[in-house]
Amino acid sequence: MSATNGTNGQQHPVRSRSASSPYQSVQDYLSNVANFKIIESTLREGEQFANAFFDTETKVKMYGLNPDCAEKSAKALDSFGVDFIELTSPVASEQSFKDCRTICSLGLKAKILTHVRLNMEDAKAAVATGVDGVDLVIGTSSFLREFSHGKSMTYVQKTALEVIEYLKGEGVQVRFSSEDSFRSDLVDLLSLYKAVDTAGVQRVGIADTVGGATPRMVYDLVRTLRGVVQCDIETHFHDDTGCAVANAHAALEAGATHVDTSMLGERNGITPLGAFIARMVVTAPDYVKSKYNLKELKALETLVADAVQINIPFNNPVTGFCAFTHKAGIHAKAILNNPSTYEIINPEDFGLSRYVSISSRITGWNAVKSRVDQLGLKMSDEQVKEVTAKIKQLADIRPLAIDDTDSILRSFHAEQVEGCGSY
């Protein structure tokens with residue numbers, strides 16, 4: 001059994017679980033969980049973050065060559081492997097126009113897109129920058145049609161077809177997206193998408209602009225849309241209710257082909273690149289590891305965090321400083337025996353390492369024994385258990401640093417094992 005999944009009209013059989021994935025994936029011929037593309041939007045969506053100010057040098061460092069050392073190209077996200085880079089509209093400001101042209105001239109592997117309103121003037125400005133593709137957008141919900149642009153659906157469709165025809169004539173890729181898709185009338189929405197698909201766009205897009213959609217809502221809409229259009233389907237999910245990554249995964253299961261991401265983006269952000277990669281490296285490890293340079297993720301997020309003057313959240317998937325830290329005794333014992341017991345993601349895939357904490361009241365003796373071995377100390381199990389009790393006793397009184405616990409271990413070893421000195 002085979003069917004078209006929407007990505008360049010390719011055919012593929014029903015998928016089963018990847019040999020290296022511990023979870024059963026959805027066995028559906030429409031699913032693209034192992035065949036998706038990323039549209040990275042930090043330099044468009046991310047500029048809406050309250051603290052964001054991405055000057056040209058920062059943008060070039062993120063997406064192109066380091067101007068201070070061109071022969072040592074930094075290439076950031078391009079090197080990471082994203083398929084598309086989306087930039088702020090060139091009509092936003094004079095500098096935005098110049099930045100588009102600068103990044104288009106860098107010769108990156110990723111295709112360069114810019115995101116503009118549905119009108120001819122914006123489209124012409126986009127073409128003038130030299131971008132590979134233009135992302136058209138207009139609000140289609142009653143909320144946005146009444147309180148934002150004030151245009152009817154008849155006007156929207158007529159204008160869309162005119163602008164699409166112009167852009168196709170200029171030889172650039174075209175994506176048409178509704179804004180606030182999930183609060184739009186379904187019949188109006190599908191009619192509009194069918195018209196622009198017939199007009200020859202490369203992708204249609206759906207957007208959960210206010211972050212209110214659930215994975216089931218996403219799956220139903222994308223599955224329905226997949227039966228209406230032949231082109232690719234791009235998805236854009238905000239994280240106001242914490243569902244962006246789950247919604248992106250559900251969209252791919254339903255037949256979507258592209259996911260918009262950003263790093264630490266505006267408001268509550270859209271689907272975060274790092275968390276999305278964390279989800280997909282579990283779902284489709286072979287595809288993700290072969291396509292993306294995972295070891296660069298930490299540096300990418302650090303670059304953006306520094307640019308907007310924030311810290312990477314402590315509990316951020318993969319890159320948060322607690323992501324691979326284990327503290328409880330039961331967890332630590334299992335982790336030391338087999339990391340997969342409590343880790344679904346291998347930190348080594350991202351160039352990171354796990355840390356087993358032994359400086360708390362909930363530490364276990366197995367974790368302490370591991371640290372004893374790392375320090376090159378020789379203790380019996382009974383001695384390790386005894387010194388663990390001392391660590392717990394002191395941790396009940398005050399917080400301990402690793403230097404504190406190492407000092408306790410060495411002092412105990414000197415007294416109890418070597419017999420030289422008092423504890």
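This dialogue walks through how to read several features of the structure above.

Me: What kind of model is this, and how are its residues numbered?

Reply: This is a predicted model, in which local features need pLDDT of at least 70 and side-chain atom pairs count only at pLDDT 80 or more, while totals for chains, interfaces and linings use all residues. Residues are numbered from 1 along each chain as its sequence is written, and side-chain values use heavy atoms, with hydrogens and water left out.

Me: How many helices and strands does the protein have, and what share of its residues count as buried?

Reply: Helices (H or I, at least four residues) and strands (E, at least two) are DSSP runs, numbered from the N terminus, and here the protein has 16 helices and twelve strands. Buried means under 20% relative accessible area, exposed over 50%, and partly exposed in between, with a 1.4 Å probe and protein chains only; of the 423 residues, 52% count as buried. With contact taken as heavy atoms within 4.5 Å, 68% of the contacts between residues at least 6 apart in sequence join residues at least 24 apart.

Me: What span should helix α6 have, and what is the distance between its end C-alpha atoms?

Reply: The expected span of a helix is 1.5 Å times one less than its number of residues. For the 17 residues of α6 (residues 153-169) that gives 24 Å, and the end C-alpha atoms are 24 Å apart, which agrees.

Me: Which residues of α6 are buried, and which exposed residues does the face turned away from them carry?

Reply: The buried residues of α6 are Met153, Val156, Thr159, Ala160, Val163, Ile164, Tyr166 and Leu167. They cover an arc of only 160° around the axis, which puts them on the same side of α6; the arc is that of the directions from the helix axis to the C-beta atoms. The face turned away from this buried side carries the exposed residues Thr154, Lys158, Glu165 and Gly169. The cover over the buried residues of α6 includes α4 (120-129), β6 (133-139), α5 (142-147), β7 (173-179) and α7 (186-199). Just after α6, Gly171 takes a positive phi of about 75°.

Me: Where does Ser177 lie, and what is it in contact with?

Reply: Ser177 lies in strand β7 and, at 5% relative accessibility, counts as buried. Leaving aside neighbours within four places in sequence, Ser177 is in contact with Leu136, Val137, Ile138, Gly205, Ile206 and Ala207.

Me: How many residues of α9 are buried, and what covers them?

Reply: Ten of the eleven residues of helix α9 (residues 244-254) are buried, so this helix is largely enclosed by the rest of the structure. Among those buried residues are Asn247, His249 and Glu253. What covers them includes β8 (203-208), α8 (215-226), β9 (232-237), β10 (258-261) and α10 (273-283), and just after α9, Gly255 takes a positive phi of about 120°.

Me: How are two packed helices described?

Reply: Two packed helices are described by the angle between their axes and the distance between the axes. Axes are lines fitted to C-alpha atoms, for helices over the stretch in contact, and angles run from 0 to 180 degrees between N-to-C directions. Angles under 35 degrees count as roughly parallel, over 145 as roughly antiparallel, 65 to 115 as roughly perpendicular and the rest as oblique. The axes of helix α3 (residues 94-104) and α4 come within 8 Å and cross at roughly 40°, and α3 and α4 are therefore oblique to each other. Their contact is made by Phe97, Cys100, Arg101 and Cys104 of α3 and Ala125, Ala128 and Thr129 of α4.

Me: At what angle do the axes of α14 and α15 cross?

Reply: The axes of α14 (residues 365-374) and helix α15 (residues 381-395) come within 9 Å and cross at roughly 105°, and that makes α14 roughly perpendicular to α15. Trp365, Val368 and Lys369 of α14 meet Asp381, Val384, Lys385, Val387, Thr388 and Ile391 of α15 in this contact. These residues divide into five nonpolar, one polar and three charged, where Ala, Val, Leu, Ile, Met, Phe, Trp, Tyr, Cys and Pro count as nonpolar, Asp, Glu, Lys and Arg as charged, and the others, Gly among them, as polar.
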